[in-house]
Protein chains: 2
Amino acid sequence: MRTTLWLAAGLFLAGPLAAEPYSEEDLAIARELRESALAGDGGYEIVAELTTDIGPRLAGSEADARAVEWAVALFEEMGFDRVWTEPATFPTWHRGLERTEVVSPAHHELVTLALGFSPATPKGGIEAEVVMFDDLAALEAADPAEVADRIVFIRNRMERTRTGAGYGRAVGARSVGSRVAAEKGALALVIRSIGTSNNRFAHTGMQRFDSDVRMLPAVAISNPDADLLERLMAGDEPVRIQVEVDAETVEAYTSQNVFAEITGSEMPEEIVAIGAHLDSWDVGTGAIDDGAGVAIVTEAARLIKALDRRPDRSIRIILFAAEEIGLWGGRAWANAREDEIERYQLVAESDFGAGRIYAISARVKDEAWPVIAAIQDELAPLGIEIGDRGGNGGPDFYPAAALGVAAVDLRQDGTEYFDYHHTVNDTLDKIEPDALAQNAAAYAVLAWLGAQAPMDFGSGETILAEEAQREASAD
Amino acid sequence: MRTTLWLAAGLFLAGPLAAEPYSEEDLAIARELRESALAGDGGYEIVAELTTDIGPRLAGSEADARAVEWAVALFEEMGFDRVWTEPATFPTWHRGLERTEVVSPAHHELVTLALGFSPATPKGGIEAEVVMFDDLAALEAADPAEVADRIVFIRNRMERTRTGAGYGRAVGARSVGSRVAAEKGALALVIRSIGTSNNRFAHTGMQRFDSDVRMLPAVAISNPDADLLERLMAGDEPVRIQVEVDAETVEAYTSQNVFAEITGSEMPEEIVAIGAHLDSWDVGTGAIDDGAGVAIVTEAARLIKALDRRPDRSIRIILFAAEEIGLWGGRAWANAREDEIERYQLVAESDFGAGRIYAISARVKDEAWPVIAAIQDELAPLGIEIGDRGGNGGPDFYPAAALGVAAVDLRQDGTEYFDYHHTVNDTLDKIEPDALAQNAAAYAVLAWLGAQAPMDFGSGETILAEEAQREASAD
């Protein structure tokens, strides 16, 4: 086998690894893939089709099922060696009416989205005085007497960063604000949207859902509406609002993870897995989250499929189900692979929009790091630097972290991602075709060179799994 | 009188007008006003209060009446010499449900606003196949056979410009599209929003309203939704949509123009009038359109009022009623002044958002142009250049153009204005406080030097009235 031969050769070299882990032929193909991806618009066509022909596709909705059919048909039409689905079962939720109105001291209708798995209010809504907190910690520290029988408003605002770190710092207000407010006797929760835009869009998203923990009706209001509510709260008069939510939680729905494979010629049982999630929130058309990812990994694999030779290892696309409402596709995938995770050469998911990739990070065994550096050499013309030795492969691979899967992160510029993410404004026009092509180029190079690598990357060892799980819990 | 003395002195000078039409004292006061305005935040506080305590204030709504009360109270609190109102009566319209859905070949809910004075559809809406036109001219040229029994979609897109000229070129689709489509037997009108933003907001606005002309239910969809509809129309299958509008036209409502005056010490019957409109569309909080204008002219007059001397001529603030739905306040104002327009030294309305002013234009008699140039000298430190010899004073002064009123335009940078204008996204955060202060500074200088000018500017002569009326008809 290639790997063994290469390792034997390596024994004669001074360093722990040769300067050139790849053959000239493999590198030439990597460059050809990169240039083809940059020159083409196949990725953009895919996301245009998904957002136009399917549109919003909340996990468990009728459009979710249509999206699965669409993906299977697309993969079959592209002629992959194998196309199949695997089930993922999860509780889901359907949005109905949602309304936040200030009733005094002035009347205002606030732009509102209910948060995922919010229970409904009684018809006509809940009306109460507002109590405002700077952030989740302030709510946690509050005396229940100041919270009871009121509507809690958490005003913390997400900070704009390239990495998206501001999201992790702010999102607790959304993920657990409702249960904390419920424990203190509040009637409902209103949060400032966990997003960076000053446009008047509310930002929805998941709350930590646990059917035996009591949750309150919970909504997000847009940043301009949160500003307005803060100005009203700064006045002398008490502020009273109405919150109304009509929504329904559905116990169990089964959707599908969708797979396509280019079967490897030398080590077909070893797999490079590149993924994205097929579901979206229900309010935009899911263009940047995660139509872009679907397009990027599909186009990357399509270009490899179109080569006149096969990769040594197999390359798989995985389009995950139900990422948004709890990583259910990712969990199902990991659960089914507990005993064979060492077959996964690397996993990498594209789920951070359509901004350009600026770095490659990887959670791999020490000996494999020089191979990552060699891959980065071929990504450098795309403006991609070497990143840190970490990463988690993307949200749908968090559940596999405990199995010690080797993971690569192609880190995207997320400066503008949270302007659109989880809002009605997540539409095709927010994708810059050239940036999407840069992403497809990087995934094509990564998948190809991952499949041709002279060694395995260490899956099965528990690499940084604890850290990855911690990150997962913040999502 | 000052004017007479100055003109007598002018006879001894070589040119038609002296190089220094203003006294050093008047210029020193202009500079003091300019610096005070730049250093203060009084304007921002006014628009914050209007948008927070009143919010949206569609002419004829309950909030319209509250806005009038608010303005009267504000002017009285500021201690102007006279505060009063004058009635304006107009037909108005109330928005109810509005909905556009693509029903085939895929299902999509499109972000929609009904256009002003749209009639309602039957309950449940109108469903039909879409016929698409590039612009109003293409619809006008169409064979009725291809339009009859269909829903017309006009896809022309507004071009972004500093002056706002792109709006005038595109807005015909909104102002008369419905009646043109009706004549050809269409069932409803859908237009691409007449706005420049790719954010998913629909843009409402007025249609030319004439109770004896048949109009169709008419809506605007956001630019991303219009893109989507175009992509669907490019497919092979016919595109069917549903349009539903519930709305009500109300025959006659009486609102008020609100006035405040600083009475002049020398020529109290001669008036510098600076205006803005108090009403707004119903979907945002009317921050840039036209809370900003209200704040700018009020702050400018407040600073002049705070001087330890009075201006020679009187200075009036006019907050017009019902601009958005047909310039009704401006018409009432002009109608009441048919016989005394020559008393108006100059009129100037701030109604183009909160972008910085970059030029001063004026429609004045030839002999007064050097005085405008002298005013521009004091505006130059604000980055304001001399503009063209034209201008119309702003929308609410269009009806006075036929009377030959002298008008000044402080031209604002409108590059971003149509990103927010007439959308739910017109909120306080879109105003940059420093730019608002620059505007207040310019209006304070203009009003002061207008009031101190050594000659009248020619009101009563019919200056460029025809051109001004033509512009009015495009709004």
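**Exercise 1.** How many aromatic pairs does a search of the whole structure find over all chains?

*Solution.* The model is predicted, so local features need pLDDT of at least 70 and side-chain atom pairs pLDDT 80 or more, while totals for chains, interfaces and linings use all residues. Side-chain values use heavy atoms, without hydrogens and water, residues are numbered from 1 along each chain as its sequence is written, and chains are lettered from A and ligands numbered from 1 in the order in which they are written.

Rings of Phe, Tyr and Trp (its six-membered ring) pair if their centres lie within 6.5 Å; planes under 30 degrees apart count as stacked, over 60 as edge-to-face and the rest as tilted. With this criterion the search gives 25 aromatic pairs over all chains.

**Exercise 2.** Describe how α11(B) and α15(B) pack.

*Solution.* 
- Angle and distance: helix α11 (residues 287-305) and helix α15 (residues 433-451) of chain B pack at about 50°, and their axes are 8 Å apart. Axes are lines fitted to C-alpha atoms, for helices over the stretch in contact, and angles run from 0 to 180 degrees between N-to-C directions.
- Class: α11(B) and α15(B) are therefore oblique to each other. Angles under 35 degrees count as roughly parallel, over 145 as roughly antiparallel, 65 to 115 as roughly perpendicular and the rest as oblique.
- Contact: the residues involved include B:A292, B:I296 and B:I304 of α11(B), and B:L436, B:Y443 and B:W448 of α15(B). Contact means heavy atoms within 4.5 Å.
- Composition: the contact holds 12 nonpolar residues, 1 polar and 1 charged. Ala, Val, Leu, Ile, Met, Phe, Trp, Tyr, Cys and Pro count as nonpolar, Asp, Glu, Lys and Arg as charged, and the others, Gly among them, as polar.

**Exercise 3.** Which residues does B:L449 touch, not counting residues up to four places away in sequence?

*Solution.* B:L449 is located in helix α15 of chain B. At 0% relative accessibility, B:L449 is buried. Its partners are B:Y22, B:D26, B:L27, B:A30, B:I375 and B:E378.

**Exercise 4.** Examine the backbone at B:P105, B:D290, A:A322 and B:D149.

*Solution.* Most residues other than glycine have a negative phi, and most peptide bonds are trans.
- The bond from B:S104 to B:P105 is cis, with omega near 10°; B:P105 sits in the loop between β1 (82-104) and β2 (108-110) of chain B.
- B:D289 and B:D290 are joined by a cis peptide bond with omega about 10°, and B:D290 is in helix α11 of chain B.
- A:A322 is not a glycine, yet has a positive phi of about 55°. A:A322 lies in the loop between β10 and α12 of chain A and is buried, at 0% relative accessibility.
- B:D149 has a positive phi near 65°. B:D149 lies in the loop between α6 (144-147) and β5 (151-154) of chain B and is exposed, at 55%.

Terms used: Helices (H or I, at least four residues) and strands (E, at least two) are DSSP runs, numbered from the N terminus. Buried means under 20% relative accessible area, exposed over 50%, partly exposed in between (1.4 Å probe, protein chains only).
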